[in-house]
Amino acid sequence: MAKTISVFNNKGGVGKTTIIWNLATSLADQGKKVLLIDFDAQCNLSIACLGKDQFAALLQPTPANPFGQTVKAFALPYIQQNKIGDVHVFFPKSRPGNGELHIVPGDFWLNTFSDILNVGTDVISGSGLYRFILPHLISDLAQEKNNIEYDYVLIDLPPSFNTLVRSALYCSDYFLVPCTPDMFSAYCVGLIGEMLPDFVADWEQGKARYLKTNPTDPVIPFKGVPKFGGWIFNGFDTRRVKGVKHEVGADAAHHIEIVDAIRDSMIPSLGAITSYQAIPPFVGVEPVAKIEDLNVMAPDSIIQNIPIKYLDQSSPTRTLRNRHSWAPNQIDLMRETAVEYDRLAQYIVKNF
Ligand SMILES: Nc1ncnc2c1ncn2[C@@H]1O[C@H](COP(=O)(O)OP(=O)(O)OP(=O)(O)O)[C@@H](O)[C@H]1O
Ligand SMILES: [Mg+2]
């Protein structure tokens, strides 16, 4: 069975989308079959993978696809007409050397969808639990339709605690939390510890009601159990001391603050959840991956639709940098970053 992983932080711009794309590439390179679901109305993952022109075309309704070829093609008929819609999967422009990497594109309409979902009447009452496991329904149908068994389903999310985030968490086996070195990351980590137990309590209430009338349901008993898979330190700066890289002082201080928030706030709060073990034994307080500040390489990779791992095989985008090739120190950093993403993929394969 596919493992579902959400990359989540209610803080914006911490690298969720960048991490999911590069991690998925590393997982595929290790021979895994990976499905990406873009569950963010910003659709950044879809644009990074497919390019803005192909993505724009997929949004368009046609006689054959009246709701386009995005998540909306499944979600709109499901939510408005109680009908199973269509799931369309696409290959990213940059194909991994191994495995499989597919994406179900996002849609700006997800904003509207998020407004339609209702925690009180759908989750807590137990009457609409299936509306809150849409990413699961999508990945299931994608597997069936394409005759493939995914190893991993990775869900990209908006920076919020909205209903889209809830539903992705209800479907997820694990969530990873990217954090940047700044004042708010430690604070946001604490908030996750406050919010998630409430989400789980709502689910447990709804599940108990629902299972009274549907005791043999094959899916609902196994949902609503997202476990903390670890945090990722993203975008910090380093300096070399005697040839060895160290986090610069300010970023090292933020690192310590985040570790403190994980240890003193998040882990105790999630550890108090009684319906399942939300903190697996293999997770510690230190980051499970450390991705340095990539500067211009980060946006360049998105503009060119090439993950960092393969960016050294390209020329830098002219508009971003007035040179024709990457500098040796940039290539070194790309390769170090690729190694770190491969390590993160191995950690997931080993533990999740
Ligand atoms: N390690 C990094 N070094 C430098 N820039 C980065 C790094 N990771 C991400 N970025 C850049 O930071 C910006 C935000 O990254 P990204 O879109 O991945 O964050 P996000 O958490 O998904 O944002 P949102 O909350 O809006 O969904 C992008 O411009 C991206 O290119
Ligand atoms: Mg994003």
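1. P77 is found in helix α4, residues 71–81. Helices here are DSSP runs of H or I with at least four residues, strands are E runs of at least two, and both are numbered from the N terminus. P77 counts as partly exposed because 16 other C-beta atoms lie within 10 Å. The scale: buried means 20 or more other C-beta atoms within 10 Å of the residue's own, exposed means 12 or fewer, partly exposed is in between, and C-beta atoms are placed from the backbone. Neighbours within four places in sequence aside, P77 is in contact with K83 and G85. Contact means C-beta atoms, placed from the backbone, within 7 Å. P77 and A41 are 36 residues apart in sequence, and their C-alpha atoms are 18 Å apart in space.

2. Model and conventions. This is a predicted model: local features need pLDDT of at least 70, side-chain atom pairs count only at pLDDT 80 or more, and totals for chains, interfaces and linings use all residues. Residues are numbered from 1 along each chain as its sequence is written, while chains are lettered from A and ligands numbered from 1 in the order in which they are written.

3. Seven strands form an open sheet with parallel pairing, in the order β3-β2-β4-β1-β5-β6-β9. Two strands pair if DSSP finds at least two bridges between them. β3 (100–104) and β9 (289–292) stand at the edges; each has a single partner strand, so one side of each is left without a neighbour in the sheet. Neighbouring strands are turned against each other by 20 degrees on average, direction ignored. Axes are lines fitted to C-alpha atoms, for helices over the stretch in contact, and angles run from 0 to 180 degrees between N-to-C directions. As background, strands of a sheet pair through backbone hydrogen bonds, either parallel or antiparallel.

4. Pairings of β4 and β1. Strand β2 (residues 33–38) and strand β4 (residues 152–156) pair in the parallel sense over five bridges. D38 has D156 in β4 as its bridge partner. β4 also pairs with β1, again parallel and over five bridges. There, K3 stands opposite Y152. On to β5 (residues 174–179): three bridges join this strand to β1, and the two run parallel. V7 stands opposite L176 in β5. Strand β1 (residues 3–7) is mostly covered, with four of its five residues buried.

5. Helix α7 (residues 134–146) lies across β2, β3 and β4, and runs at about 135 degrees to β2. N147 lies in the loop between α7 and β4. Its phi is positive, about 50 degrees, although N147 is not a glycine. Most residues other than glycine have a negative phi. N147 is exposed because 6 other C-beta atoms lie within 10 Å.

6. The β7–β8 hairpin. β7 and β8 run antiparallel and are joined by four bridges. T238 has E247 in β8 as its bridge partner. The hairpin has two residues between the strands, and K242 takes a positive phi near 50 degrees there. K242 sits in the loop between β7 (238–241) and β8 (244–247). K242 is exposed because 5 other C-beta atoms lie within 10 Å.

7. The nonpolar core. The largest nonpolar core has 96 residues, of which A24, V34, L36, L154 and V189 touch the most other members. Such a core is a set of buried Ala, Val, Leu, Ile, Met, Phe, Trp, Tyr and Cys residues joined through C-beta atoms within 7 Å. Helix α9 (residues 185–213) gives the most to this core, with nine residues. Residues up to four places away in sequence aside, A24 touches V34, L36, L101 and L154.

8. Ligand 1. The ligand is surrounded by 20 residues, the closest being G12, T17, T18, P159 and A298. A residue is near a molecule if its C-beta atom, placed from the backbone, lies within 6 Å of it. The elements giving two or more residues to this shell are α1 (16–29), β6 (227–236) and α11 (297–304). By class, the shell has seven nonpolar, ten polar and three charged residues. Ala, Val, Leu, Ile, Met, Phe, Trp, Tyr, Cys and Pro count as nonpolar, Asp, Glu, Lys and Arg as charged, and the others, Gly among them, as polar.

9. P268. P268 lies in helix α10, residues 249–271. P268 counts as exposed because 11 C-beta neighbours lie inside 10 Å. Its C-alpha atom is separated by 10 Å from that of A278, ten residues apart along the chain.

How values were computed. Two residues are in contact if their C-beta atoms, placed from the backbone, lie within 7 Å.
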